[in-house]
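Let's take a friendly walk through a protein model. Have a look at the picture first, and then we'll go through its parts together.

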Amino acid sequence: MVLVFEAAFVQAPEHRPKPVVSEVGGIPVIDLAPIHHLDGSLESALPPELEDLVTQVELACREWGFFQVINHGVQPGVVERAWAAARGFFALPPEERSRVRRDEANPLGYYEAENTKNVRDWKEVFDMVIYEPASIPSLAADGKDADEPIQLRNQWPQSPPGFREALEEYAKATEVLAFKLLELIALTLNLPAKRLNGFFKNQTTFMRLNHYPPCPSPDLALGVGRHKDAGALTILAQDDVGGLDVKSQSDGEWVRVKPIPNSFIINVGDVVQVWSNDKYESAEHRVSVNTTKERFSIPFFFNPAHYVMVKPLEELLDENNIARYEEFNWGEFFMARSNSNFKKLDGENIQIYHFKKSK
Ligand SMILES: O=C(O)CCC(=O)C(=O)O
Ligand SMILES: [Fe+2]
């Protein structure tokens, strides 16, 4: 057993999960079929079914920051092969997984000791970038000054067979969906469909395999502690066990996201929150675990290039909607977040509200 329960996993009393979390009236389910009538390009005059889709996405982003999608165009076989790769990898003997373990120099590969907000998560992960090498700023020892970017490469295990191929195939198919969702989001902001695409040239997108083993104390620990995703969009596949809880923006209650076969869960991250100048909020979420069933999930974190300066989009601003954030560099923000997950820090880790302008 790789994870052994100890004090480091125990959440503060106010953050521990309650035994039952509501699934009713949960996040919206959106049928993406209209997108595929359009040869991949979403341009000015929208057919009515697409108008309707844009309205649904806008509402979901405003009310939840989260939604599920069906008819998303990623073939079931591609997703199946990714699940098989994930199951096969986490079934390897611990010594084999450790051969591709992440360290200070390379944040990619296997890791079983991640913290979220300085409390350990009950999970193991495997991280990979979808474009290699990924160029990311390096942090100086004090965690502040970025100098020349470093070039990150994936660490591939020797087994299970076909692991790399399955994940690369999944990444490719999911990236197509990511761009479609990005174009939809642009349309919901009354912008040209491709307005945001340029930020994703030299993207720092990465994909993660999450494995949550059964946990002896699911009342005290979490698979992932409460957090917001830092990037633009997340596309998440979850298996049929369930455990993802989203904080409702209307009443602050935690709501469990019901597993739906052949669907993905989409959420807007901090970058979209800033671009939209708070029209959309990056919702807090967490993962609850249980005593009997292991759970797997695969998030795809769609992230801009490291050099992108993130700030509210000019076209959305006027005297009634003034910029609420100072601009910040995506790569530095991302690395600061990622480092705080790798190692327990003394202080609070960086969040977008640190860039909020004072009123
Ligand atoms: O496993 C899940 O359902 C969500 C994981 C998550 O929120 C994350 O890895 O950022
Ligand atoms: Fe997340």
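Where does Asn 190 lie? Asn 190 is found in the loop that sits between α4 and β9. Keep in mind that what you're looking at is a predicted model.

Going from Glu 132 to Pro 133, the peptide bond is cis, with omega near -15°. Pro 133 belongs to the loop between β6 (124-129) and β7 (134-139). There is a cis peptide bond from Ser 159 to Pro 160 as well, and here omega is near 0°. To spot Pro 160, look in the loop between β8 (146-152) and α4 (163-188).

## Around the iron

Now on to the metal. Which residues hold the iron ion (ligand 2)? His 227 and His 285 each use their NE2 atom, while Asp 229 uses OD, and these donors coordinate the iron ion at 2.1 to 2.2 Å. Along the sequence, the donor residues follow the spacing H-x1-D-x55-H. His 227 is part of strand β10 (residues 224-227) and His 285 is part of strand β15, so this pair ties together parts of the protein that are 58 residues apart in sequence.

Ligand 1 takes up the space of the largest cavity. The residues surrounding ligand 1 include Tyr 212, Leu 236, Leu 244, Val 287, Arg 295, Pro 299 and Phe 301. The iron donors His 227, Asp 229 and His 285 are also among the residues around ligand 1. Sorted by class, this shell has six nonpolar, four polar and two charged residues.

Which strands each supply at least two residues of the shell? They are β9 (206-212), β15 (285-287) and β16 (295-302). Of the contributors, β16 gives the most, with four residues.

## Polar contacts and cover

Let's zoom in on the oxygen atoms of ligand 1. An N or O atom in the side chain of Ser 297 is 2.7 Å from one of the ligand's oxygen atoms. For His 227, a polar side-chain atom lies 3.1 Å from an oxygen atom of ligand 1. With Asn 210, the distance from a side-chain N or O atom to an oxygen atom of ligand 1 is 3.3 Å.

How much of ligand 1 does the protein cover? On its own, ligand 1 has 300 Å² of accessible area, and the protein covers 95% of that.

Technical notes
Residues are numbered from 1 along each chain as its sequence is written. Chains are lettered from A and ligands numbered from 1 in the order in which they are written. This is a predicted model: local features need pLDDT of at least 70, side-chain atom pairs count only at pLDDT 80 or more; totals for chains, interfaces and linings use all residues. Side-chain values use heavy atoms; hydrogens and water are left out. A residue is near a molecule or strand if one of its heavy atoms lies within 4 Å of it. A polar contact is a pair of N or O atoms within 3.5 Å; within protein, one must be able to donate a hydrogen and the other to accept it, and residues adjacent in sequence count only if both atoms are side-chain atoms. Accessible areas come from the Shrake-Rupley method with a 1.4 Å probe; for residues, only the protein chains shown count as cover. On a 1 Å grid over the protein atoms alone, a cavity is a set of points where a 1.4 Å probe fits but cannot get out, and a pocket is an open set with protein on both sides within 12 Å along at least five of seven lines; lining residues have an atom within 4 Å of a point. A molecule sits in a cavity or pocket if more than half of its atoms lie within 2 Å of its grid points. Ala, Val, Leu, Ile, Met, Phe, Trp, Tyr, Cys and Pro count as nonpolar, Asp, Glu, Lys and Arg as charged, and the others, Gly among them, as polar. Donors are N, O and S atoms within 2.8 Å of the metal (3.2 Å for Na, K and Ca); water is not among the atoms, so sites may look incomplete.
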